[in-house]
Amino acid sequence: MKLDPDFKLQILEKIGIYSSRFSILEPKVLLTTKEVLDMPKEMTEGRRTSAYKYYGVTYLQHNLVFINVRKILDDKTLENTLVHELIHLRFPYLAHGKRFNKLVRQGLRGKTFLPYRKRTTNFSH
Ligand SMILES: [Zn+2]
């Protein structure tokens, strides 16, 4: 899809909406491979020069998301990719699979999620 300023704003708005539904801190969003390459190398380590191959990439450690708008051909794929990447941020421990896909579907349907809380172990002695 072709990226113009209006479209860019629309995408960022959607990310804002989903971020609040998923109770996550809104990520920094990159929309072109050039922006990926312009980031400090340590932030995009592992998926830097290969980022163009994917619809989207989440750099969990840096709350950073790349949406490969140029590769995405239709609205449905765009929406899917946005939600997919944001689900990674909300459920950082979850790998791809059935449970992950279910959460994406729920997210697309407008479900809200409570904030992610890191578990700590309680010890008594
Ligand atoms: Zn993924």
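Predicted model: local features only at pLDDT ≥ 70, side-chain atom pairs only at ≥ 80, totals over all residues.
Colleague: Let's start with α1, residues 5-21. How far apart are the C-alpha atoms at its ends?
Modeller: Helix α1 holds 17 residues, and at 1.5 Å a residue it should span 24 Å. The model agrees with that, since the end C-alpha atoms are apart by 25 Å.

Colleague: And α3, how far does that helix reach from its first C-alpha to its last?
Modeller: α3 runs over residues 75-90, which gives it 16 residues. At 1.5 Å a residue you'd expect 22 Å. The reach in the model is close to that, at 23 Å.

Colleague: Which residues of α3 meet α1?
Modeller: From the α1 side come K14, I15, Y18 and S19. The contact divides into five nonpolar residues, one polar and one charged. As for the α3 side, the residues are L82, V83 and L86.

Colleague: Is the crossing of α1 past α3 left-handed or right-handed?
Modeller: As for the hand, α1 passes α3 in a crossing that is right-handed.

Colleague: Next pair: α3 and α4, where α4 is residues 98-108. Are they antiparallel, perpendicular or oblique?
Modeller: These helices pack with their axes 9 Å apart, at an angle of about 120 degrees. The perpendicular range stops at 115, and roughly antiparallel needs over 145. So α3 and α4 are, to each other, oblique.

Colleague: Which residues of α4 make that contact with α3?
Modeller: α3 brings E79, N80, V83, H84 and I87. The residues of this contact divide into six nonpolar, three polar and one charged. On the α4 side you'll find F100, L103, V104, G107 and L108.

Colleague: What covers the buried residues of α3?
Modeller: The buried residues of α3 include L78, T81, L82, V83 and I87. Among them, V83 is in the contact with α4 and V83 also meets α1. The cover over the buried residues of α3 includes α1, β2, β3 and α4.

Colleague: Time for single residues. Is S23 buried or exposed?
Modeller: S23 sits in the loop between α1 and β1. Its phi is positive, near 55 degrees, in a residue other than glycine. S23 has 12 of them, so S23 is exposed.

Colleague: N63 isn't a glycine either. What is its phi?
Modeller: N63 lies in the loop between β2 (56-59) and β3 (64-67). With 14 C-beta neighbours inside 10 Å, N63 counts as partly exposed. Its phi is positive, with a value of about 45 degrees.

Colleague: Last one, on D6 and K118. By how much are their C-alpha atoms separated?
Modeller: D6 has its place in helix α1, and it counts as exposed with 8 C-beta neighbours inside 10 Å. Along the chain, D6 and K118 are 112 residues apart. Between their C-alpha atoms, the separation is 37 Å.

Note on methods:
Residues numbered from 1 in each chain as written. Axes fitted to C-alpha atoms, helices over the stretch in contact; angles between N-to-C directions. Helix = DSSP H or I, 4+ residues; strand = E, 2+ residues; numbered from the N terminus. Parallel < 35°, antiparallel > 145°, perpendicular 65-115°, else oblique. Contact = placed C-beta atoms within 7 Å. Nonpolar A, V, L, I, M, F, W, Y, C, P; charged D, E, K, R; others polar. Expected span 1.5 Å × (residues − 1). Buried ≥ 20, exposed ≤ 12 C-beta atoms within 10 Å, placed from the backbone. Left-handed = near helix turned anticlockwise from the far one by under 90°.
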